[in-house]
Amino acid sequence: MKLTINRNKKLGTINPDIYGHFSEHLGRGIYEGLFVGEDSNIPNTDGIRNDVVEALRDLSVPVLRWPGGCFADEYHWMDGIGPKEKRKKMVNTSWGGVTEDNSFGTHEFMRLCELLGCKTYINGNLGTGSPKEMSEWVEYMTGTGSSPMTEWRKENGREEPWKVDYFAVGNESWGCGGNMRAGYYADLYRHYQTFIRNYDPKNPIKKICVGPGTTETDWTKEVLSACYEGTQRAFHGFMDYLTLHYYVFPNGWTYKGEAVEFTDEEWYKSLNKALYIETVIRKNEAVLDDFDPEGKIALCIDEWGGWYEVEKGTNPGFLYQQNTMRDALIASTSLDIFNRHCKRVQMACIAQMVNVLQSVILTQGPKMVKTPTYYVFHLYKHHQGAEELDSFLTGDVQEGPKEWKIPQVSASASEKDGVVTVTASNLSLTEAVPVSLDLCGETVGTVKQARIVTADQVRDYNDFGKEEKVTEKDFTEYVLEDGKISVTLPPHSVIMLRFC
Ligand code: AHR
């Protein structure tokens, strides 16, 4: 098999935000996973776990989306500020019916983003909130000078405004966010976004509109036809991003399949479905190209990943699942696709950061594990901010049962500061695959780094208090001869090469 890479054909800059994360008030995602409170025995900074922050900082997390998800459309931000003992409690009706004590609110989220060194993406409440509530939240966070919300923020201990990089008007408004029809949502979007004011005109907040969650494009077409003209006459942004949600349910919604004990057929189904996101992206890109040939509106895939049955014995509303080599490959193939579509896809947030769905980190009391997905994000961080290079595979072989066939190899390549980063995955359950790199006549001088993420068995995962079964190691199965590189990809593996 051959991977051709053309260093003279650059497809665009890979926005670092493609490597973003999502964390919702859901199960143990925020509480326990990220936030344990200042009085916890688990070492923390202002209540935020030090071990988790340290691991996440090593991923160079570019952006974090919060507070939901479905939760966002029932979240009233004023309940989550001020002295903790006075904060109003609520029932998290979306996720397990548990009591939410609001001890993690706006100040705590902003502190978390400060510790991570990442951008802030706030998801506003359209479902049960008002334009006043939304607009006052923005004023509270970003207001300068003297205004009621700004003064309130100061009373609560924060003098300087925060930077809100992104603000979304609702979440899945076609579903848990209000079961709206596209035309109705579009009118509400036009209305609410007006009141997302820019208190710092030099740093305008980027506005995010709810996009589709199916493989069809009707929602995209209807919302854009109702809203696009607004983007043309607005002085400040009207719609900067349109979202897209895409989950891999191996067997469908009713019985999704097990996270660890999946069958071989489910392996192929899962990866086949993961790869299908490229078709969904293409379809939405085509609609966007029609309305917006100048490319003012970007795609933001702010929920993606594998979704399985919850781990036995855990609360079904908490969406806690383990993470195997299958998840590593769902991550690597999706990220290769996002890289290749970097012109329109400017942000993506994996669902979700800690302890929920396809997480990069899992916790159990004071213990923590880095998942296979974590290690893929670690390998891929070199693509952040690099130029995507045109690349294609020839001689690829298909594998798997008839209706769930998948290619053996997925890859993408980028270049930054004269260094080329190639990521390549072998999706085969059993076969090692030799791949030679063709750099269109150019030669390789030095391999600066070669790393691999793999495990002995595809169903291996990292468990608490045990040696890691899936991890990142040096990769040695490559040959550099006469300026040409060839590699052998072990079955179910992800590699990363950096060379110049
Ligand atoms: O990520 C879990 C849930 O999936 C989110 O709350 C919702 O937006 C989506 O349906």
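User: Which cysteines form a disulfide here, and how far apart are their sulfur atoms?
Analyst: Cys 70 and Cys 176 form a disulfide, with 2.2 Å between their sulfur atoms. Keep in mind that this is a predicted model.

User: How many disulfides does a search of the whole structure find?
Analyst: The search finds one.

User: Is that disulfide left-handed or right-handed, and why?
Analyst: The disulfide of Cys 70 and Cys 176 is left-handed, because the torsion about its S-S bond is about -90°.

User: Where do Cys 70 and Cys 176 lie, and what does the pair tie together?
Analyst: Cys 70 is in the loop between strand S5 (63-66) and strand S6 (90-92), while Cys 176 is in the loop between strand S9 (166-169) and helix H5 (182-193). The pair therefore ties together parts that are 106 residues apart in sequence.

User: Back to the loop between S5 and S6. Which residue joins Pro 67 through a cis peptide bond?
Analyst: Trp 66 does, and omega of that bond is about 5°. Pro 67 itself lies in the loop between S5 and S6.

User: And what joins Gly 68 and Gly 69?
Analyst: A cis peptide bond as well, with omega about 20°. Gly 69 is also in the loop between S5 and S6.

User: What does Lys 84 pair with?
Analyst: Its side chain meets that of Glu 108 in a salt bridge, 3.1 Å from N to O. Lys 84 sits in the loop between S5 and S6 and Glu 108 in helix H2 (residues 106-116), so the pair links distant parts of the chain, 24 residues apart.

User: How many salt bridges are there in the whole structure?
Analyst: A search of the whole structure finds 27.

User: New topic. What domains does the chain have?
Analyst: The domain assignment gives domain 1 (14-385) and domain 2 (391-499). Their centres, taken over C-alpha atoms, are 29 Å apart.

User: How many residues are in contact between domain 1 and domain 2?
Analyst: 45 residues of domain 1 are in contact with 44 residues of domain 2.

User: What area is buried between domain 1 and domain 2?
Analyst: About 3600 Å², with carbon and sulfur atoms giving 65% of that area. On the domain 1 side, Tyr 268, Met 325 and Leu 379 supply 21% of what domain 1 buries against domain 2, more than any other three residues.

User: How many salt bridges does the rule find across the interface of domain 1 and domain 2?
Analyst: One.

User: What about Arg 459, which side chain does it meet?
Analyst: Arg 459 meets Asp 264 in a salt bridge, with 2.7 Å from N to O.

User: Last one. What is the phi of Leu 357?
Analyst: Leu 357 has a positive phi of about 55°, although it is not a glycine. Leu 357 is in the loop between strand S13 (345-351) and S14.

Methods. Residues numbered from 1 in each chain as written. Predicted model: local features only at pLDDT ≥ 70, side-chain atom pairs only at ≥ 80, totals over all residues. Heavy atoms only, no water. Domains from an automatic or database assignment. Contact = heavy atoms within 4.5 Å. Buried area = accessible area lost by both parts, 1.4 Å probe. Salt bridge = Lys/Arg side-chain N within 4 Å of Asp/Glu carboxyl O. Disulfide = S-S within 2.5 Å. Helix = DSSP H or I, 4+ residues; strand = E, 2+ residues; numbered from the N terminus.
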